[in-house]
Amino acid sequence: MSTALQDERRARLRASMSDAGLDLLVISGNAWRSDYLRFALDVTPMEGEAVALFARDARTRLVVEHPFEAARIAAEQPSYDVLCAPNAAAYAASLLGTADPSRTAVVPAHATPWCLARGAFASGITAGITAGITAGITAGITAATALLDQLMVAKSAAEAAAVARAAALADEGYKVFQRAARVGRREYEVIADVEAWLRAQGCPENFIIMGSGQQEVRSMHPPGERRLAPGDLVTTELTPCVDGYYSQICRTLTIGEPTEIQRRAFAVYIEALEAGIALVRPGVTHGEIAVAQNNVFRRHGLGDYVSAEYTRVRGHGIGLYVDGPHVLEGVDQMLAPNMTLIVHPNTYHPDAGYIVLGDTVRVTETGCEVLTATPRELFSVPI
């Protein structure tokens, strides 16, 4: 990752801590949820839990649970004190010492071990914690998480440019996916081709899921043993990382020429995606973008299929990973220039199966720039 981007993020974080009256952030993460550690420290744990004590005016300490992790991160990040303990959370809590609870915050809300929350916000309180103290701790964690969430979604121009570079790689990666998707190939063989190509481009970090089949398919998943067959819809969500920042593309293709049912179904997704992207501009909320997409399905008599029973989200922020709240009805996250997100009306269609279509966009002063260049069409590959 660019050292300039690292330095810029840390400067923004320290300025926000100063504005919030904070001296210390206690940041937890693991291999599955490392967004906050990535933002503050450029660290992604590979095994076990990790807890960082990110001080505004002192050297950062990082506790991990495996000696190999400690050695790796210490070599990658020599400016930190990397410590190793079997229980990272408990050891980090013991390091809080005389830290002022009123100037200490723990993040994120969804992954903070209780011993850390208690240590940061209620130092000296025993197991007999009252409901009032518990509510105060919860409120503190929520507020601190919101602080970092806002920093992650409100990207600088340099961060947004990194997402754009990842979007260009995603476009090229999808071309590889199309060439790899052939009758008789197993799902994992298709993904292996994409992974090999991305690594050859200097991109070892990529999240990808896919699906294959017809009306019976209701979601995407990690690649499996299934062989592609004539008539299949083959979907993918391809998410490469460049300079530490991700972009995502969602597309669907058919094995052989698409049927009329598949074409008609896919036309709804094009309409929904275009309705969502047309709304992207400063001042618009994630919820409004979701409504615009969902209303297209409702007009086509498919309103049931934008519910949680058949689908997950209408998009999400994208950057160091999935930034901030999802694009769902009722979400009040407001867009501002240089925010980056993917808009994707991915859901199940009762006649055709699970279909995906999504573009990464960058919010501008007056609207948005679509970073994904791949055409919005139902691709097909020969049998």
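Three bridges join strand β9 to strand β16 (residues 379-381), and the two run parallel. Thr-254 stands opposite Ser-380 in β16. Strands pair here if DSSP finds at least two bridges between them. Helices (H or I, at least four residues) and strands (E, at least two) are DSSP runs, numbered from the N terminus. The model is predicted: local features need pLDDT of at least 70, side-chain atom pairs count only at pLDDT 80 or more, and totals for chains, interfaces and linings use all residues. Residues are numbered from 1 along each chain as its sequence is written, and side-chain values use heavy atoms, with hydrogens and water left out.

Strand β7 (residues 233-242) is joined to β9 by 6 bridges, in the antiparallel sense. Glu-237 has Cys-250 of β9 as its bridge partner. Strand β9 is mostly covered, with 7 of its 7 residues buried. Buried means under 20% relative accessible area, exposed means over 50%, and partly exposed lies in between (1.4 Å probe, protein chains only). In a regular strand the side chains alternate between the two faces of the sheet. Ile-249, Arg-251, Leu-253 and Ile-255 point one way from β9. Cys-250, Thr-252 and Thr-254 point the other way, and all are buried.

An open sheet of 5 strands has the order β4-β3-β2-β1-β5. Its pairing is mixed. Strands β4 (81-84) and β5 (104-107) are at the edges, and each pairs on one side only. Neighbouring strands of this sheet are turned by 15° against each other on average, direction ignored. Axes are lines fitted to C-alpha atoms, for helices over the stretch in contact, and angles run from 0 to 180 degrees between N-to-C directions. Strand β3 (residues 61-64) pairs with β4 in the parallel sense, over 4 bridges. Within this pair, Arg-61 has Asp-81 of β4 as its bridge partner.

Helix α1 (residues 3-20) lies across β1 (24-29) and β2 (50-55), at about 70° to β2. Helix α3 (residues 67-76) lies across β3 and β4, at about 175° to β4. Arg-9 is found in helix α1. At 0% relative accessibility, Arg-9 counts as buried. Arg-9 and Ala-180 are 171 residues apart in sequence and 38 Å apart in space, C-alpha to C-alpha.

Another open sheet has 4 strands, in the order β10-β11-β14-β15, with antiparallel pairing. Strands β10 (315-317) and β15 (368-370) stand at the edges with a single partner strand each, so one side of each is left without a neighbour in the sheet. Neighbouring strands of this sheet are turned by 25° against each other on average, direction ignored. Strand β10 pairs with β11 (residues 340-343) in the antiparallel sense, over 3 bridges. Gly-317 has Leu-341 of β11 as its bridge partner. Helix α7 (residues 157-180) packs on the sheet and touches β11 and β14 (359-363). Its direction makes about 160° with that of β14. Contact means heavy atoms within 4.5 Å.

In soluble globular proteins, nonpolar side chains tend to be buried together. A nonpolar core is a set of buried Ala, Val, Leu, Ile, Met, Phe, Trp, Tyr and Cys residues joined through side-chain atoms within 4.5 Å. The largest such core has 38 residues. Those with the most contacts inside it are Val-280, Ile-289, Phe-297, Leu-335, Leu-341, Val-343 and Ile-355. At least two residues each come from α9 (260-278), α10 (286-299), β11, β13 (353-355) and β14. Helix α9 gives the most, with 7 residues. Leaving aside neighbours within four places in sequence, Val-343 is in contact with residues including Leu-273, Ile-277, Val-280, Ile-289 and Val-361. A second, separate core of 37 residues includes Phe-39, Ala-50, Met-152 and Tyr-245.
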